[in-house]
Amino acid sequence: MTLPNSAEPAALRVLLVDDGAHRVGQIQDELAQQGHVVVGVVDSAVALHDAVLRLRPDVVIVDADSPSRDTLEHLATLSAQLPRPVVVFAEDEADDPMRRAMAAGVSAYVVAGLQARRIAPVLRVAIARFEQEALLRRQLLEAQAALGARKQVERAKGILMRTRGIGEDEAYKLLRKLAMDRGSKLEQVADQVIAAADLLAPPG
């Protein structure tokens, strides 16, 4: 998903979720005045995933007295499968629902006193936080992938050292040469060496 420039929130496509507070009409009117486009309104968390999949909103806004467990479960699923910024406007000041909402992937949780003037800055904060967390997730995945690739290269080096009776530097140079000759990445050649060794290994 590509979000509009957060400095120009007028381009936002918003999906509203009525989770019992019944103020979505007020929110919808204010969003329209700010130039946003409300792409849909759902009154059941069960419909949330399908609505996001079909309507592709930039932001989801949940209006609740206190977000229900069912709503939070569906928001967690949404965060895992179709992530996007989620804002919850709630009246419940208790810590527990707020903590559960943040754990479910909510980007901004605003308690008490839904005010029209707060919607625009809250949306900007939610988008900024979502983008920052998405960047951190990408960096984590890249770091994990790099670590996995290094482990595969080390394993392949060990196989070559044992099967060819060569040292670690020679094994690494051989892997690099194979990668250059085949126009492949080093980790791809390492995977091939490991696969070949596994295939030729005696049963048991």
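**Group meeting: a walk through the predicted model**

Now the chain as a whole. The protein chain has 7 helices and 5 strands. Reading from the N terminus, the order of elements is β-α-β-α-β-α-β-α-β-α-α-α. The radius of gyration is 25 Å, well over the 17 Å that the globule rule gives for 204 residues, so the chain is more spread out than a compact globule. The C-alpha trace spans about 75 × 40 × 30 Å along its principal axes. Of the 204 residues, 39% are buried. The chain exposes about 11,500 Å², and 52% of that comes from carbon and sulfur atoms. If we take contacts between residues at least 6 apart in sequence, 66% of them join residues at least 24 apart.

In what order do the 5 strands of the open sheet stand? The order is 2-1-3-4-5, and the pairing is parallel. Strand 2, residues 37-42, and strand 5, residues 108-111, are at the edges with a single partner strand each, so one side of each has no neighbour in the sheet. On average, neighbouring strands here are turned by 20 degrees against each other, direction ignored.

Two of the pairings can be looked at in detail. Strand 1, residues 13-19, runs parallel to strand 2 and is joined to it by 5 bridges. In that pairing, arginine 13 stands opposite valine 37 of strand 2. Strand 3 and strand 4 also run parallel, with 4 bridges between them. There, valine 62 is opposite valine 88 of strand 4.

On to the helices. Helix 3, residues 69-81, lies across strand 1, strand 3 and strand 4, and runs at about 170 degrees to strand 3. Helix 3 also meets helix 2, residues 48-55; their axes come within 9 Å and cross at roughly 35 degrees. Which residues meet there? From helix 2 they are Leu48, His49 and Val52, and from helix 3 they are His74, Leu75, Leu78 and Gln81. By class, this contact has 4 nonpolar residues, 3 polar ones and no charged ones.

Glutamine 26 is located in helix 1, residues 24-33. With a relative accessibility of 42%, glutamine 26 counts as partly exposed. How far apart are glutamine 26 and glutamine 115 in sequence and in space? They are 89 residues apart in sequence and 9.5 Å apart in space, C-alpha to C-alpha.

That is the end of the walk-through.

Notes: Residues are numbered from 1 along each chain as its sequence is written. This is a predicted model: local features need pLDDT of at least 70, side-chain atom pairs count only at pLDDT 80 or more; totals for chains, interfaces and linings use all residues. Side-chain values use heavy atoms; hydrogens and water are left out. Two strands pair if DSSP finds at least two bridges between them. Helices (H or I, at least four residues) and strands (E, at least two) are DSSP runs, numbered from the N terminus. Axes are lines fitted to C-alpha atoms, for helices over the stretch in contact, and angles run from 0 to 180 degrees between N-to-C directions. Contact means heavy atoms within 4.5 Å. Ala, Val, Leu, Ile, Met, Phe, Trp, Tyr, Cys and Pro count as nonpolar, Asp, Glu, Lys and Arg as charged, and the others, Gly among them, as polar. The radius of gyration is taken over C-alpha atoms; the globule rule is 2.2 Å times the number of residues to the power 0.38. Buried means under 20% relative accessible area, exposed over 50%, partly exposed in between (1.4 Å probe, protein chains only). Accessible areas come from the Shrake-Rupley method with a 1.4 Å probe; for residues, only the protein chains shown count as cover.
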